Amino acid sequence: MKILVVGGGGREHALAEKLAYTEKMHKVFVAPGNPGTPERAKSVPIQADDLAGLLQFALEQEIDLTVVGPEAPLTMGIVDQFTAHGLKIFGPSRQAAGLEGSKILAKEMMVKCGVPTAGYRAFSDYQSALDYLKTQPLPVVVKADGLAAGKGVFVAATFEQAVDALDAVMIRREFGSAGDRVIIEDCLKGEEVSFLVFSDGEHIVPMPTCQDHKAIFDGDRGPNTGGMGAYSPAPIVDEAMEQRIMDEIMRPVIQGMAAAGIPYKGVLYAGLMIQDGQPYVLEFNVRFGDPEAQPLLMRLQSDLSDILLACIDGTLDQVEVKWEWHSAVCVVMASKGYPGSYEKGHPIDGLKGATRFIPNVRIYHAGTALKDNQVVTNGGRVLGVTALSNSIESALEYAYGVVDKISWPGCYFRSDIGEKAIARTQKSPQVAIYMGSESDLKLLQPALEIFQRFSIPYEITVASAHRTPDRVTQLAATARSRGLEVIIAAAGGAAHLAGVIAAQTDLPVIGIPVDSSPLKGLDALLSTVQMPPGVPVATVSVGSWGAANAALLAVRIMAAKTPKYYRRLRNYKIEQALKIEEAAARLAQ
């Protein structure tokens with residue numbers, strides 16, 4: 001069978017590979033493709049939005065099946081054009097693709113079908129939107145109505161941020177005609193998850209659960225991107241939650257579209273927020289997600305072409321869809337500056353041979369080009385390193401092991417992909433924070449924030465070397481057996497806590513002198529740092545600065561044997577440098 005895959009990103013690379021490497025030996029074309037196009041496939045120099053060129057090629061080559069990757073050609077009506085010429089093509093019609101092409105249309109369909117979603121108002125006039133913003137509680141979400149490559153959504157914590165987002169969409173026109181209209185909606189708080197289904201217009205088959213990482217920086221901070229990584233399965237969605245999503249969201253929408261005379265055929269992707277156990281729809285996409293497609297397709301056992309043809313023919317109920325029980329993760333490697341402006345043309349080092357002798361890892365090209373026979377960067381998201389293994393933790397080790405072999409100037413990747421899944425199963429703390437008095441808790445907040453940022457589980461309690469010496473001894477003596485790796489002790493005055501702990505354990509102990517007396521912490525500093533030989537205590541600085549540095553030192557100690565913490569330290573330094581660069585740029589203006 002001759003198959004045409006439309007698109008040139010990581011998702012299309014994964015689709016082409018899945019379709020090319022089967023027992024059926026399909027002949028696969030990818031338009032336009034990229035330097036990662038599989039050897040069994042052929043790139044065709046036709047852009048994804050050149051509908052006339054794609055149609056002509058499909059007719060001339062007598063293509064049996066066309067698979068559309070990106071959303072733009074779907075919203076432009078490629079399915080309608082191909083179908084009118086008797087060609088089989090996988091994806092929704094132009095009208096059905098409006099679920100992604102217009103967030104307002106999607107919201108209206110959700111309301112009509114009784115699908116849970118955030119409250120909202122839509123505007124086509126800037127002043128009316130601004131006046132409405134003034135009445136809304138914060139945080140608030142501002143969205144461009146049309147297609148914006150995953151970047152037209154702003155979560156504003158302050159009124160100033162909300163106004164700037166509105167200006168970006170409707171005044172500065174950063175997303176072009178996608179900003180003709182805008183949605184202002186309530187901000188849902190919880191955990192995001194991606195839920196995708198195959199649909200033939202009547203029958204629905206769910207895919208395994210998946211979780212994307214939209215924000216550019218670790219800890220879900222910074223502006224939204226097209227996606228910095230994904231993993232499957234997502235533990236937050238158990239069988240009961242999956243059933244609710246199918247019953248309350250996916251089936252009502254598919255049935256509602258059919259009732260409206262717009263049968264939905266293709267992949268329907270619901271971006272969800274799980275808030276207090278209730279799934280809410282943030283957005284609909286009308287195709288495979290990118291990067292969700294990469295881990296999902298690695299888990300697919302069934303022949304993909306059979307599933308896609310069944311969706312087109314209305315026989316999805318007659319096809320068995322099988323999935324690997326293994327877990328899969330995708331880590332996106334991006335260009336410096338993304339999702340804003342970025343440089344292109346940097347040679348990518350380490351790409352050749354990065355997966356040698358590692359059969360369960362794939363490197364999907366998202367934004368690359370060939371220059372003088374060298375693969376160079378050609379996009380914001382450049383590569384998607386995807387691994388399959390028997391657990392999320394194991395898959396992450398494989399994926400990041402390959403990521404560490406690849407580099408180019410300004411290369412950036414999130415270091416915490418999959419950590420939410422791990423956190424749901426990892427209960428044992430790695431760091432203990434002991435304070436001499438409950439009043440020290442406020443001073444220790446910078447340390448707690450850093451551990452939360454680095455996704456490091458910790459325990460914190462009060463233990464006094466003078467008032468509860470037996471408790472301190474017991475905590476210190478059992479620290480290693482309880483899985484702890486570092487102990488932080490904060491105390492003021494005579495400050496014997498760190499020394500007593502260090503005498504009872506062989507784990508690293510970091511002392512934080514607390515300013516709690518007329519001596520402004522000098523007494524605590526000397527008491528903490530002046531330990532006798534054989535009782536080592538690392539002391540960084542007094543007060544809240546000491547708390548922050550103690551946490552960072554603890555992370556560095558653990559990074560010596562745990563690569564993921566080393567990567568997070570690297571990203572932390574990058575983010576700190578970017579803040580200085582942004583401040584300098586503001587002053588220059």
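How many bridges join strand β23 to strand β24, and do the two run parallel or antiparallel?

A: This is a predicted model, in which local features need pLDDT of at least 70 and side-chain atom pairs count only at pLDDT 80 or more, while totals for chains, interfaces and linings use all residues. Residues are numbered from 1 along each chain as its sequence is written, and side-chain values use heavy atoms, with hydrogens and water left out.

Strands β23 (residues 431–435) and β24 (residues 458–462) run parallel and are joined by five bridges. Strands here are DSSP runs of E with at least two residues, and helices are runs of H or I with at least four, numbered from the N terminus; two strands pair if DSSP finds at least two bridges between them. Met 435 has Val 462 of β24 as its bridge partner. Together with helix α14 (residues 445–453), β23 and β24 make a right-handed β-α-β unit. Right-handed means that, with the strands pointing away from the viewer, the path from the first strand over the helix to the second runs clockwise.

Antiparallel pairing is found in an open sheet of four strands, ordered β6-β9-β7-β8. Its edge strands, β6 (120–123) and β8 (153–156), each pair on one side only. From one strand to the next, the twist averages 20°, with axes taken as lines fitted to C-alpha atoms and angles running from 0 to 180 degrees between N-to-C directions. Within this sheet, β7 (residues 140–144) and β8 are joined by four bridges, and Lys 143 stands opposite Val 153 in β8.

The loop between α7 (126–133) and β7 holds Pro 139, and the peptide bond from Leu 138 to Pro 139 is cis, with omega near 0°.

Met 25 sits between α1 (10–20) and β2 (27–32), and Asp 372 between β20 (368–371) and β21 (374–377). Met 25 counts as exposed at 52% relative accessibility, and Asp 372 is exposed at 72%. Buried means under 20% relative accessible area, exposed over 50%, and partly exposed in between (1.4 Å probe, protein chains only).
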